[in-house]
Amino acid sequence: MKYIAQLFGFSAIGISLFVYSRKKREKILIFKLIQDLLWSAHYLLLGTYPAMATNLICASREITFNAKNPRLSKNHILTYAYVIFYLLSAILTWKNAFSIFPALSSIITTIAFRLKDPIKLKLLAIPSSLCTLVYNITTSHSISVYVGVTITLTTLFTSLASTVIEKKRKKVNQDEKG
């Protein structure tokens, strides 16, 4: 069972290469949806139910936040509802004090996905990834999670650096023309 779990984990890692390297929020959400479903299967097979439950709620969040219906995608009450769902999932699947970390990670990401600015979204994904890392270190010790968080953080930092460099180039070009 553990090997099949790792297969799902490494598949999620493959998707993680594309999540935060996207420039548009909508594309980030689509890749994040696929990633969260794969992580849900991974954690189910490992028996780490707080993380599994949280990832399933995350998958529904991505569907809701990416909906074409503005009543769904722009409804701030849903943000609060998701925060409550994450906290409830932590309580209902509680194993130890570290059971709060998947919920905390997802609460941070939920707030990030409400932001329209992809840079701010990516900045908030950093502490979210660190919460996932802490949970993994203390609970599941999954190699695929270690690799996944490393790749996610690397992708985040690379994407953020690329964006900053691109903005500086545009400013320099504007200054030279003006």
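**View 1. Residue classes in the lining of the largest pocket.** By class, this lining holds two nonpolar, six polar and five charged residues, where Ala, Val, Leu, Ile, Met, Phe, Trp, Tyr, Cys and Pro count as nonpolar, Asp, Glu, Lys and Arg as charged, and the others, Gly among them, as polar. The model is predicted, with pLDDT of at least 70 needed for local features and 80 or more for side-chain atom pairs, while totals for chains, interfaces and linings use all residues. Residues are numbered from 1 along each chain as its sequence is written, and side-chain values use heavy atoms, with hydrogens and water left out.

**View 2. Helices around the largest pocket.** Of the 13 lining residues, Ser21, Lys23, Lys122, Ser159 and Thr163 lie nearest the centre of the pocket. Helices α7 (118-140) and α8 (143-177) each supply at least two residues of the lining, and α8 gives the most, with seven (helices are DSSP runs of H or I, at least four residues, numbered from the N terminus).

**View 3. Lys27 in helix α2.** Lys27 is found in α2, which covers residues 25-46, and is partly exposed because its relative accessible area is 46%, between the limits of under 20% for buried and over 50% for exposed (1.4 Å probe, protein chains only). From C-alpha to C-alpha, Lys27 and Lys168 are 24 Å apart in space, and they are 141 residues apart in sequence.

**View 4. Leu92 in helix α5.** Leu92 is found in α5, which covers residues 76-92, and with a relative accessible area of 71% Leu92 is exposed.

How values were computed:
1 Å grid on protein atoms, 1.4 Å probe; cavity = no way out; pocket = protein on both sides within 12 Å on 5 of 7 lines; lining within 4 Å.
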